[in-house]
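Subject: Structure for you to look at

Hello,

Here is the structure I said I would pass on. Please open it first; my notes on what I found follow below.

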Amino acid sequence: MSQLTHFNAAGEAHMVDLGAKAVTRRVAVAEGWIRMLPATLALIAAGGHKKGDVLGVARIAGIMGAKRTADLVPLCHPLALTGVEIALDVRTAAAAVYCRARVETTGQTGVEMEALCAVQISLLTIYDMCKAVDRGMTIEQVRLLEKAGGKSGAWSRSTDGTGATEVTV
């Protein structure tokens with residue numbers, strides 16, 4: 001494992017200097033779940049929640065979350081994002097909503113944190129809008145699926161359940 005970059009030689013936290021890094025296309029994809037009571041999921045799926053379109057609001061919240069990551073994570077650089085896609089899928093058999101976020105930029109640092117933040121904020125928004133009917137919802141398995149671009153190249157999570165595998169393109 002390489003050295004942690006957010007600490008200087010004295011062990012103090014600092015913001016990484018990106019000045020000498022190459023500008024490349026950067027992409028990151030993250031996912032996560034929110035599990036709930038089947039009745040809560042039915043309200044969301046039917047659009048019958050009295051607060052409105054839960055998935056539509058969660059999608060907008062996720063986009064906003066990606067754009068505001070640097071305001072939430074202390075050492076993240078503010079980035080000009082070129083694209084944010086949030087997919088929310090009702091999974092009836094699992095009594096859950098699945099969220100997948102894809103974030104893109106052209107810049108000197110990656111967008112992994114933005115993709116992860118987009119998923120978390122989308123799922124937190126669903127929790128917030130539905131907590132009056134189901135306080136037992138659980139946000140689970142928020143994780144990075146893949147990233148591309150930059151000096152370290154491409155990385156993707158293995159599909160065999162053993163964890164992460166680094167892949168160089």
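Which residues of helix 1 are buried? They are Thr40, Leu41 and Ile44. These residues lie on the same side of helix 1, because they cover an arc of only 95° around the axis. The other side of helix 1 has Pro38, Ala39, Ala45 and Ala46, which are exposed. The cover over the buried residues of helix 1 includes helix 2, strand 2, strand 3 and helix 4. After helix 1 comes Gly47, with a positive phi near 70°. Please keep in mind that this is a predicted model.

Next, the nonpolar cores. The largest one has 28 residues, and the members that touch the most others are Ile34, Met36, Ile44, Ile86, Leu88, Val97 and Ile126. Two or more residues each are given to this core by strand 1 (24–35), helix 1 (38–46), helix 2 (54–67), strand 2 (81–91), strand 3 (96–107) and helix 4 (112–130). Helix 4 supplies the largest share, seven residues. There is also a second, separate core of five residues, with Trp33, Ala96, Tyr98 and Leu145 among them. As background, nonpolar side chains tend to be buried together in soluble globular proteins.

What is Val97 in contact with, leaving aside its neighbours within four places in sequence? The list is Gly32, Trp33, Ile34, Met36, Leu41, Leu55, Leu88, Asp89, Leu123 and Ile126. Of these, Ile34, Met36, Leu88 and Ile126 are named above with Val97 among the members of the largest core that touch the most others.

Then the strands. Strand 2 and strand 3 pair in the antiparallel sense, over ten bridges. Opposite Val97 in strand 3 stands Val90. The two strands form a hairpin with four residues between them, and in the turn Ala95 has a positive phi of about 50°.

Last, the rings. Two arginines have the charged end over an aromatic ring: that of Arg35 sits over Trp33, 5.0 Å from the ring centre, and that of Arg91 sits over Tyr98, 4.7 Å from the ring centre.

Regards

How values were computed. Residues numbered from 1 in each chain as written. Predicted model: local features only at pLDDT ≥ 70, side-chain atom pairs only at ≥ 80, totals over all residues. Heavy atoms only, no water. Core = buried A, V, L, I, M, F, W, Y, C linked by side-chain atoms within 4.5 Å. Buried < 20%, exposed > 50% of the residue type's maximum accessible area, 1.4 Å probe, protein only. Contact = heavy atoms within 4.5 Å. Pairing = 2+ DSSP bridges. Lys NZ or Arg CZ within 6 Å of the ring centre and 35° of its normal. Arc of directions from axis to C-beta.
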